[in-house]
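Welcome, and please open your viewer. We will go from stop to stop, selecting a few residues at a time and looking at what is there.

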Amino acid sequence: MRKNQWASGLLLTVWGLGLGASAAMAAPALPAPVKAHIADMRAQCKDVGGRPERSPRLLQTADITGDGRADYVINEGEFDCDGAASHFSGGSGGASVSVYVSDAAGSAKQAFTHGVSGVYLERSGQTARVWLGVGGPLCGQTQFRSRAEAEVCWRPLQWKGGKLDFAPVSQKRPYSAFAKP
């Protein structure tokens, strides 16, 4: 019961603050898998001695698949776990980002997860394209001796054939293309 009360409070907090919601897109109730992901992060934060704080940039919503429904991007690097901030930073591999795509029944499924150095939503009308800060092989680089020599870039995701994955490396942009939020 306590988890459900927290989830209801989270829903009001997330939508009350307008966390990443497009002004043109109605704010639907958060699907259970998205609420569960965030509740698990809060529990992990507490388990390692931290205190979950307001995290206004943790969750962004946008229509990523082009079906007119809100999809959800959770950037764990934006989660504020006071006293244990490094738990969600991901270290040198970047923080985890997960994308949940909505279905017609009002639920959502996790369609993508990966470690990244940043997330940028490029909005165009009702839809948005997700760009992820990545490096090395994901930028098309085949040779480098250390992580310090790895190229960093922004690589978009694409929805194709009912799957969400990286778009071809030919669509990458230099890391300077988007100001890191």
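## A tour that starts at a cysteine pair

Select Cys139 and Cys153: both are buried. Keep in mind as you look that this is a predicted model. A disulfide joins the two cysteines, with 2.1 Å from S to S. The torsion about the S-S bond of Cys139 and Cys153 is about -105 degrees, so this disulfide is left-handed. Cys139 sits in the loop between β8 and β9, while Cys153 belongs to strand β9; 14 residues separate them, and the pair links distant parts of the chain.

How many disulfides does a search of the whole structure find? It finds two. For the other, select Cys45 and Cys81, whose sulfur atoms are 2.0 Å apart. Here the torsion about the S-S bond is about 100 degrees, so the disulfide is right-handed. This pair also links distant parts of the chain, Cys45 in helix α2 and Cys81 in strand β4 (residues 81-82), 36 residues apart. Cys45 counts as buried because its relative accessibility is 0%, and Cys81 is buried too, with a relative accessible area of 1%. With the bonded cysteines numbered in sequence order, the pairing reads 1-2, 3-4.

Next, stay with helix α2 and select His37, which lies in this helix (residues 32-47). Is His37 buried or exposed? At 13% relative accessibility, His37 counts as buried. Leaving aside residues up to four places away in sequence, His37 touches Ile74, Glu76, Ser98 and Tyr100.

Now show the strands. Four of them make an open sheet in the order β2-β3-β5-β6, with antiparallel pairing. Its edge strands, β2 (59-62) and β6, each pair on one side only. From one strand to the next, the twist averages 20 degrees. Helix α2 packs on this sheet, touching β2, β3 (71-75), β5 and β6, and its direction makes about 10 degrees with that of β3. Zoom in on β5 and β6, which pair in the antiparallel sense over eight bridges.

For the last stop, select Val73, Val119, Val130, Leu132 and Leu157. They have the most contacts inside the largest nonpolar core, which has 18 residues. At least two residues of this core come from each of β5 (95-102), β6 (108-116), β7 (118-124), β8 (127-135), β9 (152-160) and β10 (163-166). Strand β8 gives the most, with four residues. Apart from this core lies another, of 16 residues, including Val34, Cys45, Phe88 and Tyr100.

Note on methods
Residues numbered from 1 in each chain as written. Predicted model: local features only at pLDDT ≥ 70, side-chain atom pairs only at ≥ 80, totals over all residues. Heavy atoms only, no water. Buried < 20%, exposed > 50% of the residue type's maximum accessible area, 1.4 Å probe, protein only. Contact = heavy atoms within 4.5 Å. Core = buried A, V, L, I, M, F, W, Y, C linked by side-chain atoms within 4.5 Å. Pairing = 2+ DSSP bridges. Axes fitted to C-alpha atoms, helices over the stretch in contact; angles between N-to-C directions. Disulfide = S-S within 2.5 Å.
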